[in-house]
Amino acid sequence: MTTTSSPHIPESAVEAFVRVDRVTRTAAALVRIDTRNPPGREAAAVPALLDLMRAIGCDTEVFTSSGGRPSVLARYGTGAPGRATLLINGHVDVVPVVEADWTTPPFDAVVSGGRLIGRGAADMKGGIAAAVEGLRACLDAGLAPDADIVFHLVADEETGGAHGTAELVDAGLVRADACIVPEPTGLRVAVAERGSWQAGIEVFGTAGHGGEPALGRSAVADAARITTALHLARFHDRPHPLLGSPTCNVAMVRGGVAANVIAPACTLTIDRRTLPGESADDVYASIVRTIDASCPDVDYRVLPKFFCEASELPLPHPFADFVDACRPRPRPHTRPRSRVAPGEGFIGLSLGSDARFLRNRLGIPTVVYGPGSIEQAHGADEWVGIGDLTLAARTFARAIAGFADFVAQADTGRVSPSRQTGRQL
Ligand SMILES: [Zn+2]
């Protein structure tokens, strides 16, 4: 290693060492590896990730989950006790593709018109490449960070994270002073995200002849009343400043047996989006309360199926301000479909990420920040702008270069007061 720690290089100077060609090449190389989940093909990326991180000078290891799914852990730094540690948590898996909908092959990583096109370009191999480029730029500038920079390049985020970040947390392998998750946020700093609670609702009726519907009890008719009660219901009087109010979508309905029979049973499937602090029990209670208030005579049963909790980094927080101060301004076309509080730079996301494990289970100050837009993620012809890759890499370079000083100032109370002071989430 030829780099040395040099406090004399201003953090902003490292930006100039970000290389457009290199960050594009790294992102493209990752996109070309098919890591679709399901079924969960992250193992295909492990050799390339190990090569990439070792070439920078990182110590690496592979963590294999109990389900056999690998995540790559890489550390630049000594790991000595007391050193500040910045964690970059990025998922390597991507969602499936419908190839017929794509105009370029999804794993060819075509670069065209200032865009890198391919599955995972935005969500989130572009973000991983930008974070790696940030560290490379620091090292090229001759500035070895005084903090440890740890990369967790994890499996299984797209189907819930149980075989990736959650298992790393359970194994006690996640320790950091703060974390950035480079999901696509259109270069904005996201500090909150909604959770999701999904359930079936079985509605029970009494079968009878279809010619005399008043003589039985139609479960379909009762399910319609429940649907009306839940869909677009208000569950909270106090909306979250960045996430709005909880919502409920009645997504599926299945019931009845024949056109000439009063329906004896009907099942609804609902998706109730949650706010930080809401437990599964809280949500269950809110659903039952809402149904009972509107349809007290209906015979039903709620069957919870899935819960992924909401999370947030409560503002004001110096780490959110730190990352915000490191970033360039966003371009209009990368504005994500997210709620933005009037006049504020921070955003909330209507979807979940692995940030929730770090925030809720470990209390690690975590922000989500990366290139590309949620509007492009998961769709056909997913892309990330080369310009945004570069801007994100510059942000990561500054954050990596300045993190040790940031932690030292936070420890001594010298971090400047948050611009968010006085705002309660
Ligand atoms: Zn993602």
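In strand β12, Arg 301 is the bridge partner of Glu 202, and the side chains of these two residues also form a salt bridge, with the closest N and O atoms 2.5 Å apart. Arg 301 lies in β12 and Glu 202 in strand β9, so the pair ties together parts that are 99 residues apart in sequence. This is a predicted model, in which local features need pLDDT of at least 70 and side-chain atom pairs count only at pLDDT 80 or more, while totals for chains, interfaces and linings use all residues. Residues are numbered from 1 along each chain as its sequence is written, and side-chain values use heavy atoms, with hydrogens and water left out.

**The four-strand sheet**

- The open sheet around this pair has the strand order β10-β11-β9-β12 with antiparallel pairing; strands here are DSSP E runs of at least two residues, helices are H or I runs of at least four, both numbered from the N terminus, and two strands pair if DSSP finds at least two bridges between them.
- β10 (247-255) and β12 (299-308) are the edge strands with a single partner each, so one side of each has no neighbour in the sheet.
- From one strand to the next, the twist averages 20°.
- Strand β9 (residues 195-204) and β12 run antiparallel and are joined by nine bridges.
- Helix α5 (residues 219-230) packs on this sheet and touches β9, β10, β11 (265-274) and β12, its direction making about 10° with that of β11; axes are lines fitted to C-alpha atoms, for helices over the stretch in contact, and angles run from 0 to 180 degrees between N-to-C directions.
- Helix α6 (residues 280-294) also lies across β9, β10, β11 and β12, at about 150° to β12.

**Leu 268 in that sheet**

- Leu 268 has its place in strand β11 and is buried at a relative accessible area of 0% (buried means under 20%, exposed over 50%, partly exposed in between, with a 1.4 Å probe and protein chains only).
- Beyond its neighbours within four places in sequence, Leu 268 has contacts (heavy atoms within 4.5 Å) that include Ala 199, Ile 201, Ile 226 and Met 252.

- Asp 123 in helix α3 (residues 121-140) and Glu 183 in the loop between β7 (178-181) and β8 (189-193) link distant parts of the chain, 60 residues apart.
- Asp 123 and Glu 183 are both buried.

**Salt bridges**

- The structure holds 24 salt bridges, each a side-chain nitrogen of Lys or Arg within 4 Å of a carboxyl oxygen of Asp or Glu.
- Arg 22 and Glu 133 meet in one of them at 2.9 Å, N to O.
- Arg 22 lies in helix α1 (residues 20-31) and Glu 133 in helix α3, so this pair ties together parts 111 residues apart in sequence.
- Both Arg 22 and Glu 133 are buried, whereas Arg 301 is partly exposed at 43% relative accessibility.
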